[in-house]
Amino acid sequence: MKKMKMVRGYPEYMRESIELVEKTRDERLKHTFKDTYRFLTLEEREDVLKKWHPDYKEEMKRPLKIGPNKGDKVPHEVADLLEAHPLVNPDDIDLSHVDYDADILIIGSGGAGLAAALWASYSGIDPGDILIATKLRLGDANSKMSQAGIQAADRPQDSPILHYLDIMGAGHFVNDRELVKTLVMEAPFIIKWLEELGVMFDKEPDGTMVEDLIGGLCRFRVHCCRDYTGLEIMRNLMDDVLNLGIPVVEFSPAIELIMDEYGQVAGAVLWNMETEEYYVARAKSTVLATGGFGRLHIQGYATTNHYGSTADGLVLAYRVGAKMRDMDSVQYHPTGAAYPEAIVGLLCTAKLRGRGAQPVNKYGEVFVNPLEPRDVEAAMIIRECYGKNNGVETPTGMRGVWLDTPMIDIINGEGTIEKAFPAMFRQFKRQGIDMRVDPILVFPTLHYQNGGIVINVRTETGVPGLFAAGEVTGGVHGKNRLVGNSWMELMVFGRRAGIYAAERAKKAKLGKLTLDHVSKYEKMLEEAGVRTDRRSPMVLPNYKGERAISHALHIL
Amino acid sequence: MSEEGSSTPKVRIYVMGKEYKVPIGLTIMKAMEYIGYRFIRGCGCRGGFCGACATVYRIKGDYKLKMDLACQKVVEDGMYLVQIPFAPAEKKVYDIKKLKPSGNVLLEYYPELAKCVSCNTCTKACPQDLEVMDFVQAAIKGDIKEVAELSFDCIQCGLCAIRCPMGIVPYYPALLARRLYGRYIAPRSKHLRERIKEIEEGKFDAEMERYTRMTVEELKKEYLRTREEIEQ
């Protein structure tokens, strides 16, 4: 990258295209989102997805050789972790020495884990008998980074039925209907609970919630707290976990589940990354709330995800025999930052489009209706950049389309961006770009694990003693999640995990602890002919050297 | 960038005093990883939302001590830097349901707020550019709403707390103020409570049952029908 002339945050050569965006803006402002560009039919959606969505590239996946999902196709990056040797040598662990003895062990401290902890305590478990084990600090999770908000059908013009239909349609109708029903019916109760905790939702002076209509929805339904929704909810949940005195072990990821002689999950082996020691944590109920897999950089994509999103929980659950679903399905958020290098892949919240910012190509032309579901819009952007060559190329060889953010203040009044999008405004301002004046360059970015561990409405995984909630699970979103439903999923099913884990803990009896399943997994690998030196879980990604730098994608 | 290899322009940075050359355009965090660091502390969301990567630096030739987030700040030539892995600070314990948003509950829990000498060092330290001293002063006056509004974008990175000469930890009273505001002062949502009543009375049960039993074809039809009625 040669030192080039920069004009207000952009290389001079990009200015020509920005001028074209400005030229078409007035005309585009005459239309509402609904009639800005026609919606695709369901057949056309399938067609563009098949040609351009990364999920549909069959060569990027392979059938699993072992385990409950043997034969199912998953991304190579996921298969690499599942077809890998355990980090732990069972002989190195002294299971007779129990470091932590809890009623409930919660692995992960994002939204789902914290909701589980609080509701376990509300359900009568002594806070001191709950243990939260977390890979980094308390609350270090994707949950905190969520910007656009949380869905609940609580307006008179809306209904849980419409929420249900939006979820099913976006998820390609394969979602677990019982889970979806549970989510939409409990969502308003969750908003009330959060309001009473002290979450500062954006509201009108009379208490009416400010709600957004964003891609894939048919009603205004996404509640927000500026564009720090996840952070604000997490601050409340973390505060009460600490107020209740629930023990938290930080910097100690679970690296293997522990079972007992009766085939129940009975806790986990924790790894203190700082002192490099193993801890044995025994528990009557174990809740997996470890989040997703963005840091696997599937197909080389940059990601919006937290440093710790490495699919650890998936690996652990699979080794004790939990089944997964929809693991062939990955969410690429349509609008990740494509420029500059410092923030490549970071989220440009869907709420920007909700408030009027329009995606346009390098000529300033509209090419997609921003109210399409995420997978469709992402595929349309990839097609625009690589199929039609209508994208803007960055100095590092990436491509992107413009998200015309100045439209937000024009439509909603001056000052809207600063007031409703302080995080976004700050992020670009730090890079010398004023998104009130200039559009921002975006391209799809790896955002969410649509599939995951199968659960029922009690968050049971089918393996006795093991519960799971949040992004680590599959079913709610089918093959494509909608905006604002991840946070509601965390709350609805995190809460349920706490309640049902508590119910179980009150009567469960544990036998002798064992790691036999780890040795058995090794044997399965051998019998399936998997020869590899890979080990998993990954725990943390490795960005040493050139890996620290974002690379151009090889899409064609 | 990587394909151009050694022709990439580089800047000189000093990590805890040790000199390295790194490509231009990288954040402090990516630059340290480029050098070979693998973070356990000092790295969280990597997107400016979690406050894990507070960093202190000076630029050669400039006496001023500067503060920022390693995941957001781009390296500059002559930057010598150190990350602050943790800011010691005590959060007080309370039951939000039993507090009242009146009197001066903030000073009651955090009496050290009164020691503020209005030096504005906290504001200068804030990587979010918040008016930290202003919300500390509002807290002293008991103006919960003002504290809540001004502190809303706080990511609790700890930089204000380690810079305060009086030992104040601005973000904990701010957290308490926001919770008090959200729970007691902000207007309650009426439509939310009406919807909850409807759900409790079973208003949607029969229809929901019907939808959960529909074939995929029937669901698709309903889905497409509702696409015709998208709100404006």
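Biologist: In β20(A), which residue is the bridge partner of Tyr332(A)?
Modeller: The bridge partner of Tyr332(A) in β20(A) is Leu446(A), where strands are DSSP runs of E with at least two residues, helices are runs of H or I with at least four, and both are numbered from the N terminus. This is a predicted model, in which local features need pLDDT of at least 70 and side-chain atom pairs 80 or more, while totals for chains, interfaces and linings use all residues. Residues are numbered from 1 along each chain as written, with chains lettered from A and ligands numbered from 1 in written order.

Biologist: In which sense do β16(A) and β20(A) pair, and over how many bridges?
Modeller: β16 (residues 330-337) and β20 (residues 440-449) of chain A pair in the antiparallel sense, over six bridges, pairing needing at least two DSSP bridges.

Biologist: Is β16(A) mostly covered or uncovered?
Modeller: Strand β16(A) is mostly covered, with eight of its eight residues buried (20 or more other C-beta atoms, placed from the backbone, within 10 Å of a residue's own; 12 or fewer is exposed, in between partly exposed).

Biologist: New topic: which residues of α2(A) touch α10(A)?
Modeller: On α2(A) they are Arg45(A), Val48(A), Leu49(A) and Trp52(A), and their counterparts on α10(A) include Asp375(A), Ala379(A) and Arg383(A), contact meaning backbone-placed C-beta atoms within 7 Å.

Biologist: And between chains, how many residues does each give to the contact?
Modeller: Chain A gives 82 residues and chain B gives 69. On the side of chain A that touches chain B, α6(A) gives the most, with 10 residues, and α5 (160-170), α6 (177-197), α7 (229-244) and α13 (422-429) of chain A each supply at least two.

Note on methods. Two residues are in contact if their C-beta atoms, placed from the backbone, lie within 7 Å.
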